[in-house]
Amino acid sequence: MSSQQRVALWAAEPDLDDEINDVDIPLTIPSALLAVQTQIAQQAAFAQIPDVVKRFIVHFHQAVLDNNLPEITVAYESGWNRLTEKFYAKTEWPEAEIIAPLVNDDQIFLILYRELYYRHVYSRLQPNIDDRFHSYENSCELFNYLLNSDGPVPLSLPAQWLWDIIDEFIYQFQSFALFRSRPANKTDDELTMLASEGGAQAWSSYSVLNVLYSLIQKSRANEWLKARSEGKTDEEVDEIIGEYGTRPLYRQLGYFSIIGLLRVHVLLGDFTLALKVMEQVGLGLSVGQKAPFTAPTAAHVSIAYHAGVCYLMLRRVTDAARVFTGCLNWVMRARQYHTRSYQYDQINKTADRMYALLALCHSLAPTRLDDNVMNIVRERYGDQMTRMARGEEGLSTFEEIFLYACPKFITANGLPYDDPNALALLLNPPAPTSPSSPSSPSAPKAATSDPTHRHLRALTAHFLSLVHVPVLRSLLKLYTSLDARKLAGFLDAGVDEEEVLSWMMVMKNAGRCVGRVNLAASADKDEEKGTTAPTSGGVAGGSLLDGDWMSISDLNFVVDENMIHIAESTVGRRYAGWFIRNSEHAARVLDGLRASPLPASASAAGSRSQGNDGDSKGEKNAKADAPRTSGQKVAWGGVKAA
């Protein structure tokens, strides 16, 4: 009976629809059911993890628990990358919640695992806005654990991983700032998240700088470097730096945070402060300074690249060229040891950018640099350097090289996503009313919102002020005295005598700049005499901002009324380096001849394969018995043969 009533009830469709439309039925799913569904999904995802990955995670976790640095290093530098290439080259690693049962829900290890997880997402995949926010939250959890625990944390990580943590933290901050600065093509959900209070605080410049300065202050890294440069004993150093600074974890994090501050201030466009924070660290191996410990190669390359950018943007072109040249020489010598390292590609990319910036430095201020480095620069950018030497014709080439080689600069403050009117005004700026304003609608946006183009305009203005210098230089080299009117006749029509003299003053000013090259030379002389006093950062002159006015041109002239008197100072070729390189090359050739086997006789032609094996063994023995092997360095250091 009840079934018949039920059929009759549902048969009354019109009346029932009206009643249902008038009633709001809350469709809620119990939280317990959601938890069960989530657990089933995690179990299914857990079952799909390969067994070798499960064993690796268990082994990795145990190594972190035991603070076994050798095992952690092998798992981090070899195991993780090998499994990534095999299983997760184009997909994400399992989420931390899925592998939590393998590590007994160890929250500290899960934080470290998420750091690797999000780094993989940023490097191999395309992060969405949820990944950007979650990676920020995980970074906050990691640094809160390190900075706000009761005393130093019982954790040991290799220096390479600690550097990668700081480096990736700054890279994700830069990536989010660039993502936030481009409001076009954003979905409604992304605009809503960026307009929220959490979106305004995530990856803010204040939070990033606060983390780096806190790590430096907690570890007392600057005090440690200063005490070492002053020659204090280990006991005195330990008393100065306290319980946190004596731990390698905090000491290395503090040191890497100083290098990270250099990078952050460069990205924000504060080049003076960027060099100022490096006073105790110095410029590293690029100028021959010894590192306080064995730091990763990428850290040294980062110091040279960002310090060179600072000097270039501050118009200290000779200092920038010196830093780039020193680092590139060091990279050429050390490159053979990093061919199998996962950092090899990143180091090569940064080195390529330094070669490009060195080409810009040579165009702005032609000076004599290392022959090995300049040969590579001319090989890669010879045509571009020729075009830039033609003046305004090379402006587009100058801009192209700078945009390729410069860092991706960012702004300290994000766009006003919480104010739709202001955001719409930025997206659609009003048309310019002044005749001198740019007519292109994209020009105002580039001028106001893109910091990279602002720095580019500042540097191109300096480049355009020197467009007449190469032509004047080539003409003045032909004379010892020349009348200004005659010089004007050699130039384009319409150039009067007064304008030529103004160009001469520009050339005179371009031949002098503030630099540290003289300071470095005086330091070498003092060191030979044994009178060098310890200075901060191990650099003569203390601050990296110090310098003296010096001449960077080999062509000098004076103007007496309208007569120009020219004096060219010729610099002799540096034969020492040439003899050193060729002497070592000759020694290597001689060692190879001594170690090579005698020619095989005709009767032994049939057993040539066996002879080859024997020759290789004999070659090794001969190399061991040789008085000087090819790998041995002479007193002035090994130089790789061309």
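Predicted model: local features only at pLDDT ≥ 70, side-chain atom pairs only at ≥ 80, totals over all residues.
Helix H4 buries Val53, Lys54, Phe56, Ile57, Phe60, His61, Ala63 and Val64. Just past the end of H4 comes Asn67, with a positive phi of about 55°. Asn67 belongs to the loop between H4 and H5, and its positive phi is found in a residue other than glycine. Asn67 counts as partly exposed because its relative accessibility is 28%, a value between the 20% limit for buried and the 50% limit for exposed.

Stepping back to the whole chain, the model contains 30 helices and five strands. Of its 642 residues, 40% count as buried.

The buried nonpolar residues deserve a look of their own. In soluble globular proteins, nonpolar side chains tend to be buried together. Here, the largest nonpolar core has 164 residues, and Phe60, Phe256 and Leu476 are those with the most contacts inside it. Helix H9 gives the most to this core, contributing 13 residues. For Phe256, with residues up to four places away in sequence left out, the residues touched are Ala159, Leu162, Trp163, Ile166, Phe293, Ala295, Pro296 and Ala299.

Thr294 gives a contrasting case. This residue is found in the loop between helix H16 (271-276) and helix H17 (297-313). Thr294 counts as exposed because its relative accessibility is 73%, and the cut-off for exposed is over 50%. Although Thr294 and Gln160 are 134 residues apart along the chain, their C-alpha atoms are separated by 9.7 Å.

Aromatic rings come next, and a search of the whole structure finds 21 aromatic pairs. One of them joins Trp80 and Trp93, which are stacked at 3.8 Å centre to centre with 5° between the planes. This pair links distant parts of the chain, with Trp80 in helix H5 (residues 69-87) and Trp93 in the loop between H5 and helix H6 (96-99), 13 residues apart. Both Trp80 and Trp93 are buried. Phe143 and Phe169 also form an aromatic pair, this one edge-to-face, with 5.0 Å centre to centre and 65° between the planes. It too links distant parts of the chain: Phe143 sits in helix H8 (residues 129-148) and Phe169 in helix H9 (residues 159-180), 26 residues apart. Phe143 and Phe169 are both buried.

Some of the rings also gather into a group. Trp80 and Trp93 belong to one aromatic cluster with Phe56, Phe60, Tyr76, Phe87, Tyr88, Phe109, Tyr113 and Trp161. Elsewhere, charged side chains lie over aromatic faces. Lys218 lies over the face of Tyr244, at 4.7 Å from the ring centre, and Arg228 lies over the face of Trp224, at 5.5 Å from the ring centre.

Another positive phi falls at Asp105, where the angle is near 55°, again in a residue other than glycine. Asp105 lies in the loop between H6 and helix H7 (107-124). Its relative accessible area is 46%, so Asp105 is partly exposed.

Strand S4 (residues 555-560) and S5 run antiparallel and are joined by six bridges. Within this pairing, the partner of Phe557 in S5 is Ile566, while that of Val559 is Ile564. The hairpin of S4 and S5 has two residues between the strands, and in it Glu561 takes a positive phi near 55°. S5 (residues 563-568) also pairs with strand S1 (residues 481-483), in the antiparallel sense and over three bridges. On that side, Asp483 has Met563 as its bridge partner in S5.

Note on methods:
Residues numbered from 1 in each chain as written. Heavy atoms only, no water. Phe/Tyr/Trp six-rings, centres within 6.5 Å; stacked < 30°, edge-to-face > 60°. Helix = DSSP H or I, 4+ residues; strand = E, 2+ residues; numbered from the N terminus. Buried < 20%, exposed > 50% of the residue type's maximum accessible area, 1.4 Å probe, protein only. Lys NZ or Arg CZ within 6 Å of the ring centre and 35° of its normal. Core = buried A, V, L, I, M, F, W, Y, C linked by side-chain atoms within 4.5 Å. Contact = heavy atoms within 4.5 Å. Pairing = 2+ DSSP bridges.
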